[in-house]
Amino acid sequence: MTEQEIITGSLRHDKAAMKKLFESYYGKVMGICLRYSENEVQAKEIMKRSFEQVFSTLREYTQEKSMRFEDWIKGIVIQHAVIVSREDKSHYRIVSTVQVPEGSANKTGSLDEDLLAEKVTKENLIIALRKLSPAFRLAYNLSEVDNLPVKDILNLLEISEGTFKSNLSQAGFHLKKTLLQL
């Protein structure tokens, strides 16, 4: 089945087409969910909500079609990841009590950089991302992995630019620290 046949069939509620759509995008969607979530249960919740919206708003995609289907799905997944993170208000806007040391970027030797490069695998990155606070994880994923423009991130997270920059800086520091410990 082509992508267009899958979309058309899914709009007609053809179970085979809907199953094919789910199976075709499951891996990519789950990868995004794992990056944004604290654990697999939360990742599955994000995935479930995302696919529910994909199927319920598929007609909107076919009417607009100003972007690739995969990008449209990715946008839905990211929105639900933010929503799920916000639902746990106790973690959403955490301010770290551990501060990035002044000039720490300049004090890390090339040995640390080489060691860090060895530690960065997909699995280790997900482990390290999950150890971040939700606010730091969102900032890092949205900016560094998904490459969203800062303006879009600020609107999506409803935070100031200063808060975002602080969260992103803290995320990078803590990610590096965690990866070096793995």
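By class, how many nonpolar, polar and charged residues does the lining of the largest pocket have? The structure here is a predicted model, in which local features need pLDDT of at least 70, side-chain atom pairs count only at pLDDT 80 or more, and totals for chains, interfaces and linings use all residues. Residues are numbered from 1 along each chain as its sequence is written, and side-chain values use heavy atoms, with hydrogens and water left out.

First, the overall picture. The protein chain has twelve helices and zero strands (DSSP runs numbered from the N terminus, with H or I over at least four residues for helices and E over at least two for strands). Of its 182 residues, 40% are buried, meaning under 20% relative accessible area with a 1.4 Å probe, protein chains only. Among contacts (heavy atoms within 4.5 Å) with a separation of 6 or more, 72% join residues 24 or more positions apart.

Now to the pocket. A pocket is an open set of points on a 1 Å grid over the protein atoms alone, where a 1.4 Å probe fits, with protein on both sides within 12 Å along at least five of seven lines; lining residues have an atom within 4 Å of a point. The lining of the largest pocket includes Asp71, Lys74, Asp146 and Leu156. Helix H5 (69–87) and helix H11 (150–157) each give two or more residues to this lining, and H5 supplies the largest share, five residues. As for the opening question, the lining has three nonpolar, two polar and four charged residues; Asp, Glu, Lys and Arg count as charged, Ala, Val, Leu, Ile, Met, Phe, Trp, Tyr, Cys and Pro as nonpolar, and the others, Gly among them, as polar.

How values were computed
Buried < 20%, exposed > 50% of the residue type's maximum accessible area, 1.4 Å probe, protein only.
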